[in-house]
Amino acid sequence: MKKGILTVMFELMPRQNHLCMHASANVGEKGDVTVFFGLSGTGKTTLSADPRRNLIGDDEHVWTDTGVFNIEGGCYAKAIGLNPKTEEEIYNAVKFGAVAENCALDKATGEIDFNDESICKNTRVAYPLEHIPNALTKAVAGHPKNVIFLTNDAFGVMPPVARLTPEQAMFWFIMGYTANVPGVEAGSAPVAKPLFSSCFGGPFLVRHATFYGNQLAEKMTKHNSRVWLLNTGYAGGRADRGAKRMPLKVTRAIIDAIHDGSLDRESYQTYPGWGLQIPKNCARVPSHLLDPRKAWKNVDEFNSTTKELVGMFQKSFQSRFAAKASAELKSAVPKYVETSKL
């Protein structure tokens, strides 16, 4: 039902020149709105629940001529591994009035065991907006100042943050990239796999991805929204070879720097091949993490992984968009550039 309504909105809203978004959103004290696009597991719910900002909603929104509004009126969060130390707002929202899905109970205490995945890995909790202390219960706010594309890069090639040009924003939006490591089956080794889901909501789209991409581009241009790519995935190596996921405190520090404007004022360098603008510094973020090349220890492994991922991007773009793509959009397609040293 939840995603069925989202699909309906992807058809109805464009008729009124509104953009339907598979995204979360929050707003600061000064009315600055941030929208977080992302597929499941990239951090939409976690990152939008910010104690210093008001939550508008965690998954489905519409960008109209006057601002954004939440379609739902509640949240639907992943529950596996839910930890009060890192996700306090969501953890405390699981109380009377919330609904737990696929969750197992501790036999001794009768409480939810958030680490138990005996039923399945996709454990969830649903709760009303008012369970989040600083939620904006009217769920309506102004135009986004910042638009963030979240990706869980299991290849460890993407930077933790990059500032996007309008052409790159269009490219990353219609590509909708993330990656994961499926569980081991029949004794096989886990392998990182990319997932390209247009507009970060491919199954729910009613029209071609470029239609929604053009809608987003028009609104971002009109309202001067800054666009960012944020990698909540892995750094220094591949997930399927033991690399560790980006610390949540690093991701939150980057988002804080986006919100206070300091990240936009930093000096930037171009990530070869990808053309992404990556900051040289960011408060409370180790400098070696900002440039993915510096986080790796083996240059040959970095190059081979980069070449593999670039090839996947090129293949996906060629089959889905190349025939009708503009020269500007094609310019954002990544190219493989060998790194001589880390």
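Here is how some of the labels come about.

Modeller: First, a caveat: this is a predicted model, where local features need pLDDT of at least 70, side-chain atom pairs count only at pLDDT 80 or more, and totals for chains, interfaces and linings use all residues. Residues are numbered from 1 along each chain as its sequence is written, and side-chain values use heavy atoms, with hydrogens and water left out.

Colleague: Why is Ala154 called buried?

Modeller: Buried means under 20% relative accessible area, exposed over 50%, and partly exposed in between, with a 1.4 Å probe and protein chains only. Ala154 has a relative accessible area of 1%, so it counts as buried. Ala154 is found in the loop between β10 (144-151) and β11 (161-163); helices (H or I, at least four residues) and strands (E, at least two) are DSSP runs, numbered from the N terminus.

Colleague: What makes Lys3 and Asp59 a salt bridge?

Modeller: The label calls for a side-chain nitrogen of Lys or Arg within 4 Å of a carboxyl oxygen of Asp or Glu. For Lys3 and Asp59 the closest N and O atoms are 2.6 Å apart, so the pair qualifies. Lys3 sits in helix α1 (residues 2-12) and Asp59 in the loop between β3 (54-57) and β4 (60-63), so the bridge ties together parts that are 56 residues apart in sequence.

Colleague: Are those two partners buried or exposed?

Modeller: Asp59 is buried, at 7%, while Lys3 is partly exposed, at 26%.

Colleague: How do you know that Lys219 and Asp65 make the list?

Modeller: Their N to O distance is 3.9 Å, which is within 4 Å, so they count as a salt bridge. Lys219 is buried, with a relative accessible area of 8%, whereas Asp65 is partly exposed at 44%. The structure holds 15 salt bridges.

Colleague: What makes something a nonpolar core?

Modeller: A nonpolar core is a set of buried Ala, Val, Leu, Ile, Met, Phe, Trp, Tyr and Cys residues joined through side-chain atoms within 4.5 Å. The largest one here has 85 residues, and Phe37, Phe149, Trp172 and Trp274 touch the most other members. Helix α4 (residues 166-175) gives the most to this core, with seven residues.
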